[in-house]
Amino acid sequence: MPNMSLKRNEMPTQPACERNKNFKEVALGYSAEQAIDEAQRCLHCKHKPCVSGCPVNIHIPDFIAKVAEGKFEEAYQIITESSSLPAVCGRVCPQETQCEQKCVRGLRGESVAIGRLERFVADYHNENIKTAAKAVQKNGHKVAIIGSGPSGLTCAGDLAKKGYDVTIFEALHLAGGVLVYGIPEFRLPKSIVQKEIDTLKEIGVKVETNMVIGKVISIDELLDEYHFEAIFIGSGAGLPRFMNIPGENLNGVYSANEFLTRVNLMKAYKDHNDTPIQHAKKVAVVGGGNVAMDAARSAKRLGAEEVYIIYRRSEAELPARHEEVEHAKEEGIIFKFLTNPIEILGDEHKFVRGIKCVEMELGEPDESGRRRPIEKKDSQFTIDVDSVIMAIGTSPNPLIKSTTKGLETQRWGGIIIDEATGATSREGVYAGGDAVTGAATVILAMGAGKTAAKAIDEYIQSKKK
Amino acid sequence: MYKILKKKILNPTVTLMEIDAPFVAKKAEPGQFIILRVDKDGERIPLTVADFDREKGIVTIIFQVVGATTEKLNHLNEGDSICDFVGPLGVPSHVEGLKKVAVVGGGVGCAIAYPIAKKLHQLGANVHSIVGFRNKDLVILEDEFKVASDAFFMMTDDGSYGKKGLVTDALRELLENGEQYDEVIAIGPLVMMKFVCKLTKEYNIKTIVSMNPIMIDGTGMCGCCRLTVGGKVKFACVDGPDFDGHEVDFDESIERAKMYQPFERKAHEEVCNLFKKEVH
């Protein structure tokens, strides 16, 4: 008999007043009993709408059935047929707009907590199961992956499982891309990312760090001199935008990328760490996406008394995940909606002392379908802050584009691909993730990595004949 | 891991190291830099490539002990390894086509100026080198510079070696005597570069400076190293580090360099105390 409760099992979390002072994970995860109970809410519908809502089409009702029976490892095996990073995706996917949005139980009551169950299964496996990786028969073909973010890791995993000799080239000193430098520890513990990368290494994937492709080695050299037969570019969208308002170069103004890289990758939040970070008392974060929430919540944990999110549209338009916005509010982040900065003010030593803003109102919808914010007349006001973090988006880094002849890109820098295969304008070169789409989600990047892996396999196999 | 093949003390605070880094050596050009991390909890710091040997796969770095990380690096010896060493980064210096150049180096900046003088010399340019140090004990790379220069001028603040005065004094004298340069290349402390630019502006001589802002990744993903050039925001790690000195907002860069001063001072003291304890 299914569990017909309209409500999903609550996720145990650290209390807001405690967690906003530490970097430990906020959501603590289901117990086995909670997971089994939640799994019993799945109705196992014949048409499985949830599966179509998942960008990598995990066999959701099948794995949930195994959870309901308490066969957690079998559930894990079902998930990993489709996904390489379940412990990551169970935590950071916006399930409310993907699998869970399509869940039939969501029509009346709350949808099945698919993400939480995926996370439970992956964590159970990582903590309890120590099986040697299945040996794969090598097929003798070499593929290079540029970037070790979600798209690159997924593409590498899928190709390695098919027997390819895969090498990932990463520019930073640690693999993981946004999973290690962007998403904070309190949302995604770095030990979990490391575990997923170690699993890839066990199946033979090589990871070369400190390799800035375009500088150290070019795409053409990888093909011609190092004899890689195909390349997947998953270099992401890591180039930060600024607003180009006065005062943006004052001390205490960070791009969210810089702030989060210092906090997450360089662990500047730890005492006695070599990498410094400003411990500001009052912080303004400009933007309304997940990156803005991460930056604001991190600033709070570094000891800020007041942290403002400054967003030029209203709450309804916030692009961040609903859950992250709720968590931010519980932790005491102050939201300033319909507000736009026009200048950052500094003291005589060129340190930030305030941010000058105007109030906005919403006009007609623009081409993106969202209502365009318009400045209200005579509405200037100043908020006293000693740090400003710009989280208004990123675009693809031009390094690979500018050093690879014949690689076609959009005017804004995104690599142009055939969507069905990920093939670029260069033969044997594929691309996916944020390098193609601009900043998007982890799971979409994974989906792109999967598509390209399949296409690369077909490309190399067809060349053989 | 990247092995330290050679360590040479150039003066009480400046050290030369040769690092085994074949991928970097293969591509490095004068004007480019590397980012290194000494150990696994270390920070990333940028250092300019002082020399390279493509065949042996060696990259030479020269650094001044100014804080915690350079202190730690300086405590390593031949045969030790550092954790991370990535590069070459940034745009190489443009030296082709120049016929007569004044290369101006200040302090440890001479380590960056030297490979550029050497390259210009190899390309057949007439190179006048002006180097400046606080005092005689701090002089580095004198012989190397002499080999790479058609004329060489040594300045010390206190007159303990060469001529007493600043590099700008020597440069002004040359310009007043009617020397004509296609370009002046100035590398050293921000204040020095600022005043070289002020001087060459009077004579309308194009002046290239090598900027040294705070960096983290060095690949263009964070904008920590941003500066204003000709009214536009540039990232030194990908657009530079070389810029037209007459366009650079030096005052802004000087303020930005002070961002973490208190932290750095404290970190340096902590590391020094740590090393002292180890000795006992």
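Between chain B and chain A, 20 residue pairs are in polar contact, both residues having pLDDT 80 or more. A polar contact here is a pair of N or O atoms within 3.5 Å, where one must be able to donate a hydrogen and the other to accept it, and residues adjacent in sequence count only if both atoms are side-chain atoms. Welcome to a predicted model, in which local features need pLDDT of at least 70 and side-chain atom pairs count only at pLDDT 80 or more, while totals for chains, interfaces and linings use all residues. Residues are numbered from 1 along each chain, chains are lettered from A, and side-chain values use heavy atoms, without hydrogens and water.

**Where the chains meet**
- Chain B brings 44 residues to the contact and chain A brings 42, with contact meaning heavy atoms within 4.5 Å.
- Strand 7 of chain B gives the largest share of the side that touches chain A, 6 residues (strands are DSSP runs of E, at least two residues, numbered from the N terminus).

**Salt bridges**
- The two chains share 3 salt bridges (a side-chain nitrogen of Lys or Arg within 4 Å of a carboxyl oxygen of Asp or Glu).
- K26(B) and E225(A) form a salt bridge through their side chains, at 3.3 Å from N to O.

**Buried area**
- About 3,500 Å² is buried between chain B and chain A, 53% of it on carbon and sulfur atoms (accessible area, 1.4 Å probe, lost on being put together and summed over both).
- M221(B), R226(B) and M259(B) supply 19% of the area that chain B buries against chain A, more than any other three residues.

Key:
Buried area = accessible area lost by both parts, 1.4 Å probe. Helix = DSSP H or I, 4+ residues; strand = E, 2+ residues; numbered from the N terminus.
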